[in-house]
Amino acid sequence: MWYHRPMKSMENKEEMITIPRAEYEAQKQQILKLEQQVSLLMEAMRLNRHKRFGASSEKTEDESAEQLNFLFNEAEVYAEKTAEEPATVVTAYKRRKKQEYTLDNLPEGVPTELVEHRLEGDDLVCPKCGDTMTEIGKDVVKKLKIIPAKVVVEEHHYFTYACQKCSRESTETPVIKAPKEKNIISGSFATPEAIAHIMTQKFVMGSPLYRQEQELSRQRIPLSRQTMSNWILKAAEDYLMPVYEHLHKELLSREVLHADETTLQVLHEPGKKAQSESYMWLYRTSGDTSQPVVLYEYQPSRSSQNPRNFLHEFTGYLHTDGYSGYHNLPENITVVGCWAHARRKFDEAVKSLPKNKAKGSSAAQGLAYCTRLFEIEKDLADLSPNDRYVQRLEQEKPVLDAFLAWANVRTAAPKSALGKALTYVKEQWPYLTNYLKDGRLELSNNRAERSIKPFVIDRKNFLFANTPKGATGSAVIFSIIQTAIENGLDPYRYLTWFMKTAASSDFTQPEEFRKLLPWYAPSECRTK
């Protein structure tokens with residue numbers, strides 16, 4: 001079969017040419033394929049532009065929420081529109097009181113330096129009569145002084161004692177020496193305070209060791225980064241690791257956990273190139289405990305065997321993202337999906353569209369369903385787990401059923417942002433709905449993402465680990481510090497107390513390192 005196609009000649013006049021039908025169909029399919037590629041590239045370009053220059057918030061506009069309100073509260077929506085609008089009342093303008101910043105809320109124990117400003121000599125002569133003026137009152141003005149960390153050398157003098165009487169009357173003179181304190185690290189001049197400061201600066205404030213070395217050098221303290229590295233890794237191995245292992249057992253005894261993972265570059269990983277990726281895994285307790293535990297684990301790969309090994313004695317619920325490696329865990333672990341990830345994919349689908357096509361689009365409708373779930377969940381936050389379980393079935397189950405029915409009849413190019421969002425929801429649906437099984441469970445895995453963020457922020461500063469031993473030591477230190485912070489402790493004060501106590505502890509006795517757990521720390525380690 002032949003097809004006649006109009007063409008324009010050089011004289012700008014149309015002329016007809018004849019091509020085979022098969023060639024015409026092939027060109028038509030090629031054009032359609034190119035149009036789809038252009039559409040996908042435009043989506044990616046708009047989304048990348050938004051990620052780079054736009055706001056990172058996933059909050060939806062009122063129009064998206066209004067769509068879902070119409071689906072489930074049609075009567076209320078119409079009633080609100082037809083109800084008589086109340087008269088607008090204009091109140092008198094009230095000037096806001098200027099915000100005053102004071103130092104009245106500082107915690108107890110902050111030292112106060114008294115600086116007195118008095119008049120002397122001729123300044124006390126009365127300008128009217130010439131008599132000497134007397135003090136009748138004072139104004140108190142408080143100011144904040146911040147002094148950089150200071151370095152102190154502890155010089156320990158251990159005295160020796162002898163009996164003078166025995167020295168005069170006996171052939172043997174007893175000699176007694178004051179007992180020496182055990183060094184926190186054998187053969188080192190390190191102190192618990194010094195190690196705690198270095199750890200806090202690196203793992204809380206994100207200051208790499210070379211920056212700390214530079215700062216100390218400016219204070220004329222010659223402390224190399226190699227020495228600091230040896231200190232913190234030795235302290236982690238000797239003191240923090242036994243407590244880490246106990247916290248691991250404590251974690252596995254809980255019934256609801258969260259997990260996540262992120263990349264880490266280790267330069268000298270056996271059998272791997274320096275540019276290859278290793279992983280830092282995160283496991284933590286949920287919001288159902290007053291004694292939270294946050295543990296990191298370094299592993300050279302993202303294999304599903306890693307969480308299987310780490311959670312080998314755990315039975316309960318595990319919040320995760322959509323990574324398939326978590327879906328091969330034993331049957332005694334129920335994986336709970338993350339609705340924040342589902343919402344994020346629909347949010348990206350909306351942002352990938354032109355502004356004039358985003359409103360009312362399928363992407364906006366899918367985002368509205370996700371937003372509705374989070375709105376309901378916010379209202380249920382203060383309920384007991386049992387009441388939350390009941391209310392979820394009553395209020396959120398209908399939204400979930402409607403969402404799945406809606407998603408099943410929607411189609412989109414698999415590689416498009418909307419196609420990826422729909423595929424994610426359909427494939428993850430059994431895990432996404434598992435949170436309905438227990439009122440203690442959460443709608444998202446944001447708790448784990450918040451806990452892994454400190455490591456991600458620090459990684460931007462130190463960039464990589466040198467060896468697997470260093471990566472493992474960093475995981476242990478991160479774990480102890482973040483668990484302390486989650487339990488309301490100041491990391492520097494806690495680490496100082498921890499190592500002072502640990503240096504004199506016998507770790508062959510289980511109760512010795514158990515007393516070092518964050519919830520047994522003294523009150524002076526706690527933040528306000």
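## Briefing: cores, helix packing and loops

Ile-195 touches Ile-184, Ile-185, Ala-190, Trp-231, Ile-232, Ala-235 and Met-499, leaving out residues up to four places away in sequence; a contact here means heavy atoms within 4.5 Å. This is a predicted model, in which local features need pLDDT of at least 70 and side-chain atom pairs count only at pLDDT 80 or more, while totals for chains, interfaces and linings use all residues. Residues are numbered from 1 along each chain as its sequence is written, and side-chain values use heavy atoms, with hydrogens and water left out.

**Overall picture**

- The protein's secondary structure comes to 17 helices and 9 strands, where helices (H or I, at least four residues) and strands (E, at least two) are DSSP runs numbered from the N terminus.
- Of its 528 residues, 37% count as buried; buried means under 20% relative accessible area, exposed over 50%, and partly exposed in between (1.4 Å probe, protein chains only).
- Among the contacts with a separation of 6 or more, 64% come from residues 24 or more positions apart.

**Nonpolar cores**

- A nonpolar core is a set of buried Ala, Val, Leu, Ile, Met, Phe, Trp, Tyr and Cys residues joined through side-chain atoms within 4.5 Å.
- The largest one has 73 residues, and Ile-195, Met-199, Leu-311, Tyr-494 and Phe-498 have the most contacts inside it.
- Helix α7 gives the most to this core, with 12 residues.
- A second, separate core has 37 residues, including Phe-346, Leu-400, Ala-417 and Tyr-435.

**Helix α15 and its partners**

- Helix α7 (residues 225–252) packs against helix α15 (residues 468–486) at an angle of about 60°, with the axes 9 Å apart; axes are lines fitted to C-alpha atoms, for helices over the stretch in contact, and angles run from 0 to 180 degrees between N-to-C directions.
- That angle makes α7 oblique to α15, given that angles under 35 degrees count as roughly parallel, over 145 as roughly antiparallel, 65 to 115 as roughly perpendicular and the rest as oblique.
- The α7 and α15 crossing is left-handed, a term used if the near helix is turned anticlockwise from the far one by less than a right angle, with right-handed used if clockwise.
- On the α7 side the meeting residues include Ile-232, Leu-240 and Tyr-244, and on the α15 side they include Gly-473, Val-476 and Ile-480.
- By class, the contact of α7 with α15 has 12 nonpolar, 5 polar and 2 charged residues; Ala, Val, Leu, Ile, Met, Phe, Trp, Tyr, Cys and Pro count as nonpolar, Asp, Glu, Lys and Arg as charged, and the others, Gly among them, as polar.
- The axes of α15 and helix α16 (residues 491–503) come within 10 Å and cross at roughly 120°, which makes α15 oblique to α16.
- This time the crossing is right-handed.
- Ile-480, Ile-481, Ala-484 and Ile-485 of α15 make the contact with Pro-491, Tyr-494 and Leu-495 of α16.
- The contact of α15 with α16 divides into 7 nonpolar, no polar and no charged residues.

- Helix α11 (residues 362–379) and helix α12 (residues 385–408) have axes that come within 10 Å and cross at roughly 175°, so the two are roughly antiparallel.
- Their contact has 9 nonpolar, 4 polar and 5 charged residues.
- Trp-406 is found in helix α12 and counts as buried, at 8% relative accessibility.
- Beyond its neighbours within four places in sequence, Trp-406 is in contact with Phe-346, Ser-362, Gln-365, Gly-366, Tyr-369 and Leu-422.
- Trp-406 and Ser-362 are 44 residues apart in sequence, and their C-alpha atoms are 9.6 Å apart in space.

**Loop residues to look at**

- Arg-220, in the loop between α6 (209–218) and α7, has a phi near 65°, a positive value in a residue other than glycine.
- With 77% relative accessibility, Arg-220 counts as exposed.
- Ser-186 lies in the loop between β4 (175–177) and α5 (192–203), and counts as exposed at 74% relative accessibility.
- Pro-300 sits in the loop between β7 (294–299) and α8 (305–310), and counts as partly exposed at 33% relative accessibility.
- Pro-300 touches Glu-269, Lys-272, Glu-277 and Ser-278, not counting residues up to four places away in sequence.
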